[in-house]
Amino acid sequence: MNLYLGIDFGTTGARSTVIDSQGMIHCETEYTFANNGQQQPELPSVWQNALWAVIEQIPPAIRNQVRAIALDGTSSTVILCNTDGIPVCEPILYNDGRGAAVTEKLRAIAPANHTVLSATSSLAKLLWWQEGGHGGTAPTVFLHQADWLAFLLHGKLGISEYHNALKLGFDVDTLCYPNWLTQGIAGAATPELPRVVAPGTPVREVRAQVGDRFGFPRDCMVCAGTTDSIAAFLASGVNLPGEAVTSLGSTLAVKLLSHTRVDDSRYGIYSHKLGDLWLVGGASNTGGAVLRHFFTDVELQNYTTQIDPVQESLLDYYPLLKKGDRFPINDPNLSPRLEPRPTDPVEFLHGLLESIARIEAWGYQLLQELGATPLTKVYTAGGGAKNLVWSAIRKRYLKVPVETPIHTAAAYGVALLAMRGAMGI
C-alpha cells in the first residue's frame, strides 16, 4: 500500500497525518513544543526534536509504506542559515513585528500596497537581519520554517514554494523574484534567496540517514510544502469560488476561494495562487491564544455552555495579547482593547467570542468590497471549530452557512499535497 505523510508545524506544536490514496487516515501523531514554541535561541532544536518525535510515534509498519512527505509551517516564520543549513541566529516568528524598524526601507523598495508592506512580512524580517548584520559576513541562506524542516528530510538546501515565498515578494504571476526585490536587497550581506517551486512539487528522496533511522522506503519523496493555514484550507476539500475557510487556532486566518486576485497591504490582504483560482485572505493576531490567556480549556467549555448565541453582547473588544495586528487592520502599533471587563467571566467570554466573530466578518466584508468573489459559505478549521456556540455567533455576523468540514487538520491537508505531488496531480 502507498501511504502519504503530512507534517504540520503550528504555533504550539507539530502534528502528523498519514493517509492512503483514497484519503483515508492510517495514523495521526502529535508533539507539543517546550515553552510553547516561543522565541528562544534554541528554537531550531525545538523544531528539529518535534519533527523527529512526530515521525518516531508513527508505527514502523506504516512508516515503511510512506511514498511521499510534505510539511507546512507558520507563514512568515523565517530562519537564516549558513551554507550547510545550520542556523546562524535565532528564527523570527510569524507574528514578530520587529520589521517595523525597517518600514522606510521597505516602502522605498516595494510597490505601493504590496503584500510585503507589513512589519511581519518575510521581506521585512530579511531587511531587519540585513540592517543589523545578524548574518555576519559569511554566505547565508534565507528560508521559511517549512523550507528548513523539509531540508532536514531531503538535504537539498534553498528550496521553497510560492505559498511561503509570497510574503518574501516572489511574483506568482511571472513565477520569479521581481527586479525591485533583487535590486532592493542587493549588498554585501545579502542572503541567498530560496529557489521557488509550486507547492507539492517533488524535491528529492529522503536522506539515506533519515530513511534508515525511520524505515522510510529508499524512493520516499519529499515534496514542497505550504503554509499552515493553506494546509488547513486544502484539508477542507473546498473547491468552489465563493466558499471560504476560517482557521480558528491560536490566531484567526480567513481564506476565500475567488476568481479574482486581491492584494492590498493597507488591510493585510493578499492572494495565493491555487490552480487557476486565487485564495484571497489575511491573518489576524486575534484568536484562540487570547481566549487561552484568560481561560483554561475546562473554563472555556463550561462558560461557553452558559452563553446564549442569539443574544448580542454589548462589549466591543479588539482582543490581542500585545500591540499590533496584521488583518483586517495592518498596524504594528494597534493597541489591544479589552475594557471594560465585567466581573462575570461568562459575560467576558461572550464579549471576546463576539468581538473575534466581528473581526472575522469585517475581514470577509473587506475582501468582497475589494473585488473578491462574493462569500457563499464558510467552513471552520482549527480548535475553535468544535465550539458550537461560537459557530452560532459567527453565523449571525457572517450571514452565510457556517459548517465544519469532515477534515480540518492542516496535517491532513499537507498529506493530500504530498499525495498529489507524488501522483503528479
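Biologist: How many disulfides does a search of the whole structure find?

Modeller: A disulfide is a covalent bond linking the sulfur atoms of two cysteines. The search of this structure finds zero, where a disulfide is a pair of cysteine sulfur atoms within 2.5 Å. The model is predicted, so local features need pLDDT of at least 70 and side-chain atom pairs count only at pLDDT 80 or more, whereas totals for chains, interfaces and linings use all residues. Residues are numbered from 1 along each chain as its sequence is written, and side-chain values use heavy atoms, with hydrogens and water left out.

Biologist: Which residues touch the most other members of the largest nonpolar core?

Modeller: In soluble globular proteins, nonpolar side chains tend to be buried together. A nonpolar core is a set of buried Ala, Val, Leu, Ile, Met, Phe, Trp, Tyr and Cys residues joined through side-chain atoms within 4.5 Å. The largest here has 73 residues, and L123, L291, L349, Y364 and L367 touch the most other members. Helix α11 (residues 345-369) gives the most to this core, 12 residues; helices (H or I, at least four residues) and strands (E, at least two) are DSSP runs numbered from the N terminus. A second, separate core has 39 residues, including F9, C27, V46 and F214.

Biologist: How many residues of α1 are buried?

Modeller: Ten would be written 10 of the 14, so α1 is largely enclosed by the rest of the structure. Among the buried residues of α1 are W47, L51 and W52.

Biologist: What is the strand order of the open sheet?

Modeller: Strands of a sheet pair through backbone hydrogen bonds, either parallel or antiparallel. The six strands here run β14-β15-β13-β12-β16-β17, with mixed pairing; two strands pair if DSSP finds at least two bridges between them. Because β14 (270-274) and β17 (402-403) stand at the edges with a single partner strand each, one side of each is left without a neighbour in the sheet. Within the sheet, five bridges join β12 (residues 243-248) to the antiparallel β13 (residues 252-258), and S247 stands opposite A253 in β13.

Note on methods
Buried < 20%, exposed > 50% of the residue type's maximum accessible area, 1.4 Å probe, protein only.
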